[in-house]
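Please look through the sequence and the fold below before reading on. The report that follows takes up the sheet, then its strands, and then the residues packed around them.

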Amino acid sequence: MISEPDRPGAMRYVLFDVDGTLIDAVDNQRLVWRTWAERYGLDSDEVHRVALRMRPMETFAQVAPDQDARECLAALHELEDEDVRTGSYAAFRGASELLNALEPGAWALVTANYEHRVRGRFARTGLPVPKVVVDAAAVTEGKPSPVPYLQAAAQLGARPEDCLVIEDAPSGVQSGLRAGMTVWGVNTPAAVDGVHRHFVRGCFSDLLT
């Protein structure tokens, strides 16, 4: 089990983001948003830039305010589900070894995506799925709110201070920090503001030390 250097032997519950953290889905997300933007005659590059910073409904309000947001979301979900079935996915190097080394019941996934898509991607990349998955449907407030990570901790029976968050995105890092948890950043060239430790792309093996 992962432990903090200043708390030798301390039990750690590990809470992982998914896209960009365990699974490399950058190209998939860009393709989905490009296809969605083309359906509405929008600039795909601009739509993707906005989508990286916001949740889908907020994105629609900014890039397509004259469209029915529910129809926009249905179209996006259709494209995302198709991508799970047919897209090309890869887990980051070392992710499988890390997840399989963790104790069952001591880790969880916390994602802005939906559980059925996570399970589809994990099945295709050979990653194990934990007992606890907090997805977009499980919370009313998404990252950077602390709610998703606090909910995962509660389901694991863990105190926030005993949780280690693994994230790649600023909103996720802020979510973990606001929840009162230790946050490690991965898969970015430079450390996201606020992280307690930073690991570059493909160094999941380092997290086991």
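## The sheet

Two strands are said to pair if DSSP finds at least two bridges between them. With that in mind, β7 and β8 form a parallel pair held by three bridges, and across this pair V186 stands opposite F199 in β8. The model described here is predicted, and the values in this report should be read with that in view.

The pair belongs to an open sheet of six strands, whose order is β5-β4-β1-β6-β7-β8 and whose pairing is parallel. At the edges stand β5 (132–134) and β8 (197–199), and because each has a single partner strand, one side of each is left without a neighbour in the sheet. Between neighbouring strands of this sheet the turn is 25° on average, with direction ignored.

## Strands β6 and β7

How many bridges join β6 and β7? The two strands pair in the parallel sense over four bridges, and V165 stands opposite V183 in β7. To pass from β6 to β7 the chain goes through helix α8 (residues 170–178), and this β-α-β crossover is right-handed.

In a regular strand the side chains alternate between the two faces of the sheet. Counted as a whole, β7 has five of its five residues buried.

## Strand β1 and its partner β4

β1 runs parallel to β4, and three bridges join them; here F16 stands opposite L109 in β4. V14 also lies in strand β1, and because the cut-off for buried is under 20% relative accessible area, V14, at 0% relative accessibility, counts as buried. The C-alpha atoms of V14 and A51 are separated by 27 Å, although the two residues are 37 residues apart along the chain.

In soluble globular proteins, nonpolar side chains tend to be buried together. The largest nonpolar core in this model has 23 residues, and those that touch the most other members are F16, L22, L99, L109 and F122. The elements that give two or more residues to this core are β1 (13–16), α5 (95–101), β4 (107–110), α6 (115–125), β6 (163–167) and β7 (182–186). The largest share, three residues, comes from α5.

Which residues does L99 touch, not counting residues up to four places away in sequence? They are F16, L22, W107, F122, L127 and P128. A second, separate core has 21 residues, including A106, A152, C163 and V192.

## A buried lysine

K143 lies in the loop between β5 and α7 (147–156). Is K143 buried or exposed? Its relative accessibility is 17%, and therefore K143 counts as buried.

The side chain of K143 makes a polar contact of 3.0 Å with the side chain of D17, and a polar contact of 2.7 Å joins the side chains of K143 and E167. Not counting residues up to four places away in sequence, K143 touches D17, V110, T111, P148, Y149, E167, S171, G172 and S175.

Terms used
Residues are numbered from 1 along each chain as its sequence is written. This is a predicted model: local features need pLDDT of at least 70, side-chain atom pairs count only at pLDDT 80 or more; totals for chains, interfaces and linings use all residues. Side-chain values use heavy atoms; hydrogens and water are left out. A nonpolar core is a set of buried Ala, Val, Leu, Ile, Met, Phe, Trp, Tyr and Cys residues joined through side-chain atoms within 4.5 Å. Buried means under 20% relative accessible area, exposed over 50%, partly exposed in between (1.4 Å probe, protein chains only). Contact means heavy atoms within 4.5 Å. Axes are lines fitted to C-alpha atoms, for helices over the stretch in contact, and angles run from 0 to 180 degrees between N-to-C directions. A polar contact is a pair of N or O atoms within 3.5 Å; within protein, one must be able to donate a hydrogen and the other to accept it, and residues adjacent in sequence count only if both atoms are side-chain atoms. A crossover is right-handed if, with the strands pointing away from the viewer, the path from the first strand over the helix to the second runs clockwise.
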